[in-house]
Amino acid sequence: MARNPLKKTYLTNRPTLAYPAVSQDEDKQLDLLFRNLQSVEDSNRRLQKEMKRYLEAVSNAEKAELKLTSDLSSSILCHENSNLRKLVEDYHSVAAQKSEGASELLRVSQRTFLEPLKKFGGEFSGLAAVLNSHEQLVQEWKNIATRVKKLEERGDRMPNTIVKLEKEKQNLIAAAEAISSSHRRITEEFPVFFNKRIDYIQPTLQAMVRAQLDYHGNTTRCFTILVPSGPVASNSKDGKLKEPESTARQVSPSLLPESQFQSIIQSKFADIHSLSIVKNSSN
């Protein structure tokens with residue numbers, strides 16, 4: 001059975017302490033860096049999981065609403081009353097348009113949210129590989145240190161033993177230098193990856209918010225057409241409910257430039273703050 005990629009965690013084992021090959025402060029620095037990156041990986045995995053659950057819920061809700069309006073359309077009660085039949089037919093048309101909007105939401109969310117986060121999560125595999133190599137260096141250093149200690153405790157002054165001890169001490173120094181070099185590389189390169197997480201995730205979240213705005217905005221517009229306060233909506237040739245001629249078309253927020261999008265949001269906030277009820281509540 002294929003493994004669920006959302007359950008795959010790369011950063012699982014905290015780095016082994018390597019004092020005195022490196023200082024205690026350096027050990028703490030590496031441990032803190034590891035835990036920060038582990039938290040980012042966990043957050044990334046949970047974001048993907050919750051988005052999948054959300055999109056599944058949206059899809060199921062749209063299917064249920066289409067089933068509801070379809071059942072209403074075929075009911076005997078609706079065929080006995082022309083006004084009720086017209087309302088149900090219009091509602092079914094709106095539900096069909098909403099379902100198309102939901103399909104677009106799923107497509108956009110997959111392309112701009114789930115796929116980038118999946119790719120981002122895969123980067124932790126490379127980090128884990130570097131940490132595993134570092135861990136092997138630490139374990140090798142510990143093994144050499146154990147052999148040196150045993151040879152020293154034996155107190156054997158035989159030439160062969162002395163030569164072997166000196167060789168192991170040299171190996172120990174080389175192993176410590178390898179650990180120091182690996183530690184320096186990790187503490188220089190990993191923070192760059194950690195500090196770039198916002199630059200990567202923020203556009204992804206912004207794209208998701210815009211997709212939500214587009215979806216829910218279109219949903220609101222569909223129901224506003226269904227129950228208009230002005231001119232009555234009518235059906236187009238393809239059976240879809242269309243807006244009254246007097247209703248102004250709006251460009252999808254996801255298609256606007258960022259500066260224009262922010263300007264519209266600020267303008268709407270200004271309109272809200274200018275309302276008397278807002279002014280009275282703030283006094």
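**Entry 1**

I began with Lys169, which counts as partly exposed at 30% relative accessibility, on a scale where buried means under 20% relative accessible area, exposed over 50%, and partly exposed in between (1.4 Å probe, protein chains only). The model is predicted, so I kept in mind that local features need pLDDT of at least 70 and side-chain atom pairs pLDDT 80 or more, while totals for chains, interfaces and linings use all residues. I also noted that residues are numbered from 1 along each chain as its sequence is written, and that side-chain values use heavy atoms, with hydrogens and water left out.

I then found that the side chain of Lys169 meets that of Glu152 in a salt bridge at 3.5 Å, N to O, the term standing for a side-chain nitrogen of Lys or Arg within 4 Å of a carboxyl oxygen of Asp or Glu. Because Glu152 lies in helix 3 and Lys169 in helix 4, this pair ties together parts that are 17 residues apart in sequence. Glu152 is partly exposed as well, at 44% relative accessibility.

**Entry 1: other salt bridges**

I read a count of 14 salt bridges. Glu168 and Arg147 form one of them, at 3.1 Å, N to O; here Glu168 is in helix 4 and Arg147 in helix 3, so the pair joins parts 21 residues apart in sequence. Glu168 is buried at 10% relative accessibility, whereas Arg147 is partly exposed at 35%.

I looked next at Asp31 and Arg35, whose side chains meet at 3.0 Å, N to O. They are separated by about one helical turn, because they stand four residues apart in helix 1. Asp31 is buried, with a relative accessible area of 13%, and Arg35 is partly exposed at 39%.

**Entry 2: Asp27**

Which side chain of opposite charge is nearest to Asp27? I found Lys142, 8.1 Å away, so Asp27, though buried, has no salt bridge, counting Lys and Arg as positive and Asp and Glu as negative, with His and the chain ends left out. Asp27 sits in helix 1, and a polar atom of its side chain lies 3.1 Å from the backbone nitrogen of Tyr19. Beyond its neighbours within four places in sequence, Asp27 is in contact (heavy atoms within 4.5 Å) with residues including Thr16, Leu17 and His183.

Of the 283 residues, 31% count as buried.

Leu131 touches Leu11, Leu30, Phe34, Ile186 and Phe190, leaving out residues up to four places away in sequence.

Terms used: Helix = DSSP H or I, 4+ residues; strand = E, 2+ residues; numbered from the N terminus. Polar contact = N/O pair within 3.5 Å; in protein donor to acceptor, adjacent residues only side chain to side chain.
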